[in-house]
Amino acid sequence: MKIRAAVAWEAKKPLVIEDVELEGPKKGEVLLKMVATGVCHTDAYTLSGADPEGIFPSILGHEGGAVVMEVGEGVTSVAVGDHVIPLYTPECGKCKFCTSGKTNLCQAIRATQGKGLMPDGTSRFSKNGKPIYHYMGTSTFAEYTVLPEIAVAKINKAAPLDKVCLLGCGVTTGLGAVFNTAKVEPGSTVAVFGLGGIGLSVIQGAVIAKAERIIAVDINESKFEFARQLGATDCVNPKKHDAPIQNVIVDMTDGGVDYSFECVGNVELMRSALECCHKGWGESIIIGVAGAGQEIATRPFQLVTGRVWRGTAFGGVKGRSELPGYVDMYMRKEINVDDMVTFNLPFEKINEAFDLMHEGKSIRSVISL
Ligand code: NAD
Ligand code: AHE
Ligand code: ZN
Ligand code: ZN
């Protein structure tokens with residue numbers, strides 16, 4: 001079928017809305033009509049050319065809300081008309097990773113996904129007979145997309161797709177990092193570095209986990225008001241201090257925080273986030289994605305003396321079995337997703353969403369398709 005999609009022809013260039021060909025679903029796959037998609041910083045990261053897995057031309061996007069239009073042979077877990085969120089971290093339930101009970105990182109289709117291909121090794125998108133690659137297995141910047149059944153989470157039909165699309169990445173990642181990766185306990189002191197969609201969702205998770213003190217860190221002070229509304233108790237701009245930000249936080253907290261979260265993708269800040277943790281037990285969670293070739297560093301003594309460095313993808317959330325429950329949390333008004341949507345844009349203006357992000361003006365732009 002002919003569909004419209006925003007094609008990333010090459011790195012660092014704006015997306016171009018094009019008519020492209022989409023092949024229908026094969027065995028075990030579903031055809032989705034995308035209703036809305038968020039734009040996450042990771043889309044901008046890949047478009048910047050810094051992603052070692054970035055392939056061009058491709059159709060980016062991984063924060064979608066969609067309706068099932070057609071199911072391929074053998075599909076049993078979803079049906080036409082179901083509302084779903086595409087999963088860049090699928091859940092096959094059978095692989096070594098899924099059955100370990102220790103991780104959400106299902107590897108059933110990871111190899112082909114990283115090459116921009118469907119599990120059978122082909123792309124379903126093309127233009128003039130030439131393939132256009134999938135992205136993160138989701139490609140939500142398209143009116144229609146094809147996904148394996150194991151990469152969609154069926155959600156409550158009453159949930160507005162132009163809001164809960166943000167649970168396809170940002171909101172769930174932040175909440176899950178708190179609940180699953182850090183396992184923040186009541187009374188904890190928490191520091192959150194970076195107040196975009198991810199960091200603000202970490203704050204919401206920390207409030208639910210009953211953290212007592214939540215220190216929000218950003219160099220863009222326009223983010224502070226919303227951070228405070230969501231529950232941050234202190235807001236700190238590292239640029240306003242002569243001392244390194246880790247020293248500032250250690251001084252503010254009688255020796256350091258119990259948990260810190262890096263939600264920027266800056267390796268220097270990852271070091272600060274680790275080193276602002278309390279000696280003996282503080283844990284720092286890396287969420288931000290750093291570019292090709294970048295590495296983290298600290299004195300090993302920081303770890304020897306009890307600080308812990310961890311990372312998380314999609315907040316450790318198992319998409320098919322657990323994401324519907326996060327949508328239900330939204331429906332019960334336990335999390336604020338509506339105010340994370342700072343701009344609603346038509347598909348034609350998708351490049352503005354990237355501009356607004358880079359200018360620090362948006363938390364999330366949601367694109368209607
Ligand atoms: P965003 O652009 O909306 O927000 C980033 C925030 O960081 C902004 O408020 C910005 O002002 C702030 N910032 C930039 N430099 C800073 C510095 N030196 N000190 C303090 N604050 C600084 O981004 P986002 O969509 O919230 O994504 C954040 C990061 O998380 C990105 O690296 C993204 O790729 C990554 N991410 C990871 C996962 C995962 O599963 N691990 C999921 C989603 C996003
Ligand atoms: N391709 C990048 C890695 C990017 C990355 O770490 N992605 C996160 C999700 S970011 C969502 O906004 C993730 O899920 N990682 C686990 C995985 O298997 O990709 C690179 O640096 O190579
Ligand atoms: Zn994302
Ligand atoms: Zn699996």
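This is a predicted model: local features need pLDDT of at least 70, side-chain atom pairs count only at pLDDT 80 or more; totals for chains, interfaces and linings use all residues.
Figure 1. K183 sits in the loop between α5 and β10 (189-193), and its phi is positive, about 55 degrees, although the residue is not a glycine.

**Figure 2. K12, in the loop between β1 and β2 (16-22).** With 8 C-beta neighbours inside 10 Å, K12 counts as exposed.

**Figure 3. The cis peptide bond from F56 to P57.** The omega of this bond is near -5 degrees, and P57 itself belongs to the loop that runs between α1 and β4 (63-71).

**Figure 4. P300 in helix α10 (residues 300-304).** P300 is exposed, having 8 other C-beta atoms within 10 Å. Between the C-alpha atoms of P300 and C169, which are 131 residues apart along the chain, the separation is 32 Å; C169 is one of the residues that surround ligand 2.

**Figure 5. Helix α12 (residues 350-358) and its buried face.** The buried residues of α12 are I350, A353, F354 and M357. Seen down the axis of α12, these buried residues fall within an arc of 95 degrees, so they line one face of the helix. In an α-helix there are 3.6 residues a turn, so residues three or four places apart point the same way. The packing partners of the buried residues of α12 are β1 (2-7), α1, β16 (341-346) and β17 (364-368). After α12 comes G360, with a positive phi near 75 degrees.

**Figure 6. The shell of residues around ligand 1.** This shell holds 33 residues, of which H41, G194, G196, I198 and G265 come nearest to the ligand. Helices α1 (41-47), α5 (170-182) and α6 (197-208) each supply at least two of the shell residues, while domain 1 (2-168 + 337-368) and domain 2 (172-312) each contribute at least three. Divided by class, the shell around ligand 1 comprises 17 nonpolar, 14 polar and 2 charged residues.

**Figure 7. The surroundings of ligand 2.** Ligand 2 is surrounded by C40, T42, D51, P52, E53, T89, L105, R110, C169, V289, A313 and F314. By class, this shell has 7 nonpolar, 2 polar and 3 charged residues.

**Figure 8. The contact between domain 1 and domain 2.** The domain assignment gives domain 1 (2-168 + 337-368) and domain 2 (172-312), whose C-alpha centres lie 28 Å apart. Across the boundary, 13 residues of domain 1 are in contact with 10 residues of domain 2. On the side of domain 1 that touches domain 2, α1 gives the most, with 3 residues, and the residues of that side divide into 8 nonpolar, 3 polar and 2 charged.

Figure 9. The chain contains 12 helices and 17 strands. Its radius of gyration is 20 Å, close to the 21 Å that the globule rule gives for 369 residues, so the chain is as compact as a globular protein of that length. Along the principal axes, the C-alpha atoms fill a box of roughly 60 × 40 × 40 Å. Buried residues make up 50% of the 369 residues, and among the contacts with a separation of 6 or more, 71% are between residues 24 or more positions apart.

How values were computed: Residues are numbered from 1 along each chain as its sequence is written. Chains are lettered from A and ligands numbered from 1 in the order in which they are written. A residue is near a molecule or strand if its C-beta atom, placed from the backbone, lies within 6 Å of it. Helices (H or I, at least four residues) and strands (E, at least two) are DSSP runs, numbered from the N terminus. Ala, Val, Leu, Ile, Met, Phe, Trp, Tyr, Cys and Pro count as nonpolar, Asp, Glu, Lys and Arg as charged, and the others, Gly among them, as polar. Domain bounds come from an automatic or database domain assignment. A residue is buried if 20 or more other C-beta atoms lie within 10 Å of its own, exposed if 12 or fewer, and partly exposed in between; C-beta atoms are placed from the backbone. The arc is that of the directions from the helix axis to the C-beta atoms. Two residues are in contact if their C-beta atoms, placed from the backbone, lie within 7 Å. The radius of gyration is taken over C-alpha atoms; the globule rule is 2.2 Å times the number of residues to the power 0.38.
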